[in-house]
Amino acid sequence: MNMPPIVSLPEWEAARQELLVREKELTRARDALAAERRRMPRVAVEKEYRFEGPDGGASLLDLFEGRPQLIVYRFFFEPGVAGWPEHGCGGCSFLADQVGHLAHLNARDTTLAFVSRAPQPEIERWKARMGWEIPWYTLTDDFDADFGVDEWHGTNAFYRDDDDRIFRTYFISDRGDEAMGSTWSYLDITALGRQEQWEDSPSGYPQTSPYQWWNLHDEYGDGA
């Protein structure tokens, strides 16, 4: 391996400071991109979709679990996928292992759910083996084809208004999914964002002080 040179601590710190400038530029650019997402036009979801969950049939509205925002990841676990029925897609499983505690997303009025074409008994078995607690539904119709995830993984973001109208607000796929898993990466693709006061959001968007809403995952209360 052609490794970089060994230098003194002052030289190393100078190199780090130089790179830190570019890292901060990247952070600001990422924040600006998220701000543009919050101003993206949205498209109404007019079609009725049906899923099967652990408690029976469910609509797309049901997947929101009463919250205004929903993020749906298409996990490939079904006949025809490598590893079936013993396990799901390796890449999808790698992503699932990185998902943070859902209480933090829920505290920002956001629900995360997975969808696959595997029947519920297989999903429950696979979840139990891997120790995942993410809500996971069985696809029964054209939802995957209609939202660009019938042949490849992807993450769709939806928003529900006070009249229970549903809108698709954003979509992440391919290498974009590599960054998903943390509470921040998910909130940054939603219509409302992190909902913190420092964010550049349209007027009237819900925002609170950073740090103050953060909590231990078992101390948020019933809302999360």
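The protein chain of this predicted model exposes about 12,700 Å². Carbon and sulfur atoms supply 53% of that area. Of the 224 residues, 42% count as buried. The C-alpha atoms fill a box of roughly 60 × 50 × 35 Å along the principal axes. Seven helices and eight strands make up the secondary structure elements of the chain. Among contacts between residues at least 6 apart in sequence, 62% join residues at least 24 apart.

Rolling a probe the size of a water molecule over the atoms shows where empty space is left. Across the whole structure, one cavity of 30 Å³ or more was found. The largest cavity holds about 30 Å³ of space. Its lining consists of Asp 31, Ala 34, Arg 38, Asp 188, Arg 194, Trp 198 and Glu 199. By class, five of these residues are charged and two are nonpolar.

Arg 194 lies in the segment after α7 (183-187). Arg 194 counts as buried because its relative accessibility is 14%, under the 20% cut-off. The side chain of Arg 194 makes a polar contact with the side chain of Asp 188, at 2.8 Å. Beyond neighbours within four places in sequence, Arg 194 is in contact with Arg 108, Trp 184, Leu 187, Asp 188 and Glu 199.

Notes. Residues numbered from 1 in each chain as written. Predicted model: local features only at pLDDT ≥ 70, side-chain atom pairs only at ≥ 80, totals over all residues. Heavy atoms only, no water. 1 Å grid on protein atoms, 1.4 Å probe; cavity = no way out; pocket = protein on both sides within 12 Å on 5 of 7 lines; lining within 4 Å. Points joined across faces, edges and corners; volume = space filled by probe spheres on them. Nonpolar A, V, L, I, M, F, W, Y, C, P; charged D, E, K, R; others polar. Helix = DSSP H or I, 4+ residues; strand = E, 2+ residues; numbered from the N terminus. Buried < 20%, exposed > 50% of the residue type's maximum accessible area, 1.4 Å probe, protein only. Contact = heavy atoms within 4.5 Å. Areas by Shrake-Rupley, 256 points an atom, 1.4 Å probe, with all protein chains shown as cover. Polar contact = N/O pair within 3.5 Å; in protein donor to acceptor, adjacent residues only side chain to side chain.
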